[in-house]
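Please read it alongside the sequence and coordinates.

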Amino acid sequence: MFSNAEIGIDLGTANILIYSKNKGIILNEPSVVAIDINTKQVVAVGADAKEMIGKTPRNIVPIRPLKDGVIADYDITAQMLKAFLKKVSKTLGMSMRKPNVVVCTPSGSTTVERRAIHNAVTSYGAKQVHLIEEPVAAAIGADLPVDEPIANVIVDIGGGTAEIGIISLGGVVSSSSVRVGGDKMDDEIIQYIRKKYNILIGERTAENVKIEIAYAHPNHKEEFVDVRGRDMVTGLPKTVTISSKEVYQAIKESLEQILQAIHVTLENCPPELSGDIVDRGIVITGGGSLLKGMQEWLATELSVPVHIAPNPLESVAIGTGKAIKMIAKLEKAAK
């Protein structure tokens with residue numbers, strides 16, 4: 001019996017990733033749960049539940065229990081975590097008795113929100129649960145020397161939040177968090193198409209539009225994509241062609257909020273570390289960093305080098321897993 005498994009959990013608004021010390025990323029699934037509202041039973045979790053969004057009968061409701069990087073529905077999050085951890089123990093081919101778990105939390109989360117995360121993981125039977133801040137986890141996962149006395153600037157643009165942190169000597173020197181991420185951009189695309197074309201599209205369609213033709217940089221070669229939705233006047237299905245310039249107009253406000261948050265964090269940085277930032281630049285990670293032109297746009301706006309993490313979608317999960325080794329040092333720095 002393998003008694004003390006060590007796992008890291010990235011409790012993301014869009015996806016949950018679980019990292020094992022020996023096997024790397026062992027689970028990467030959407031943070032969605034399908035619930036039967038009559039019996040309150042969980043029908044499906046993860047990818048199976050995401051497939052159901054917008055396609056279910058009345059009694060089955062797909063829910064995203066994490067909103068803006070924090071737990072919105074505690075009971076359902078606990079059930080979802082249990083289902084994923086059960087899946088993981090099968091993957092590892094052994095019983096995970098009392099694992100040591102490191103979970104990352106958004107840097108702006110309150111004590112109550114942190115306790116909810118702690119309790120949700122503990123209810124599965126974890127031996128020890130350590131919470132670390134998301135920017136620190138992202139920086140460790142992006143292979144930055146977080147325990148050295150130099151400025152490591154990380155910008156993690158996730159599904160629910162954008163986290164910006166300046167980390168030195170294992171602790172966060174300056175950070176800010178805005179509740180803007182991939183989900184808000186999807187929502188803005190839905191609203192834009194609704195206002196301009198009188199067509200209602202679903203979340204998944206909006207996400208596909210964002211992945212295919214959304215640009216962070218205003219100057220780009222225009223691209224087009226066909227979008228199918230429901231005409232709000234006739235109620236019938238309709239297809240329209242959307243351009244990348246229109247999508248940029250839809251998400252422009254979110255991009256500016258992220259830029260503003262980076263500015264605020266850099267302004268609060270001690271002058272000694274500012275010199276490092278000019279030389280070393282900043283590292284972007286998270287799904288939002290994959291938006292076309294994001295790297296070039298930020299480099300232009302901030303006048304510092306901008307690098308993309310080696311594995312942007314998995315940085316936080318890898319960081320939580322690697323943090324197990326340095327957890328005592330990190331917790332000391334966080335106090």
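Helix H4 (residues 134–141) lies across strand E9 (100–105) and E10, at about 90 degrees to E10. Helices (H or I, at least four residues) and strands (E, at least two) are DSSP runs, numbered from the N terminus. The model is predicted: local features need pLDDT of at least 70 and side-chain atom pairs count only at pLDDT 80 or more, while totals for chains, interfaces and linings use all residues. Residues are numbered from 1 along each chain as its sequence is written, and side-chain values use heavy atoms, with hydrogens and water left out.

H4 also packs on helix H10 (residues 315–322): their axes come within 6 Å and cross at roughly 90 degrees. H4 is therefore roughly perpendicular to H10. Angles of 65 to 115 degrees count as roughly perpendicular, under 35 as roughly parallel, over 145 as roughly antiparallel and the rest as oblique. Axes here are lines fitted to C-alpha atoms, for helices over the stretch in contact, and angles run from 0 to 180 degrees between N-to-C directions. Glu134, Ala137, Ala138, Ile140 and Gly141 of H4 make the contact with Ser315, Val316, Ile318, Gly319, Thr320 and Lys322 of H10; contact means heavy atoms within 4.5 Å. These residues of H4 and H10 divide into 5 nonpolar, 4 polar and 2 charged. In this count, Ala, Val, Leu, Ile, Met, Phe, Trp, Tyr, Cys and Pro are nonpolar, Asp, Glu, Lys and Arg are charged, and the others, Gly among them, are polar.

## The five-stranded sheet

An open sheet of 5 strands has the order E3-E2-E1-E9-E10, with mixed pairing. Strand E3 (24–30) and strand E10 (128–133) are at the edges with a single partner strand each, so one side of each has no neighbour in the sheet. From one strand to the next, the twist averages 20 degrees.

Strand E2 (residues 15–20) runs antiparallel to E3, and 6 bridges join the two; strands pair if DSSP finds at least two bridges between them. Leu17 has Asn28 in E3 as its bridge partner. Helix H2 (residues 74–91) lies across strand E1 (6–11), E2 and E3, and runs at about 145 degrees to E3.

## The three-stranded sheet

Another open sheet has 3 strands in the order E14-E15-E16, with antiparallel pairing. Its edges are strand E14 (199–200) and strand E16 (237–243), each with a single partner strand, so one side of each is left without a neighbour in the sheet.

E14 pairs with strand E15 (residues 224–231) in the antiparallel sense over 2 bridges, and Ile199 stands opposite Asp231 in E15. E15 and E16, also antiparallel, are joined by 7 bridges, and the bridge partner of Phe224 in E16 is Ser243. The two strands E15 and E16 form a hairpin with 5 residues between them, and Gly235 in the turn has a positive phi of about 80 degrees.

## Packing of H7 and H9

Helix H7 (residues 244–267) and helix H9 (residues 294–302) have axes that come within 12 Å and cross at roughly 50 degrees. H7 and H9 are therefore oblique to each other.

From H7, Leu255, Glu256, Leu259, Ile262, His263 and Leu266 meet Met294, Trp297, Leu298, Glu301 and Leu302 of H9. By class, the contact of H7 with H9 has 8 nonpolar, 1 polar and 2 charged residues.

Gln295 lies in helix H9 and is partly exposed, with a relative accessible area of 28%. Buried means under 20% relative accessible area, exposed over 50%, and partly exposed in between (1.4 Å probe, protein chains only). Leaving aside neighbours within four places in sequence, Gln295 is in contact with Ile284, Val306, His307 and Ile308. Its C-alpha atom is separated by 31 Å from that of Ile7, 288 residues apart along the chain.

Thr161 is in the loop between strand E11 (152–157) and strand E12 (162–168), and counts as buried at 4% relative accessibility. Beyond four places in sequence, the contacts of Thr161 are Asp68, Gly69, Glu134, Asp156, Ser177, Val178, Arg179 and Val180. The C-alpha atoms of Thr161 and Gly12 are 149 residues apart along the chain and separated by 9.2 Å.
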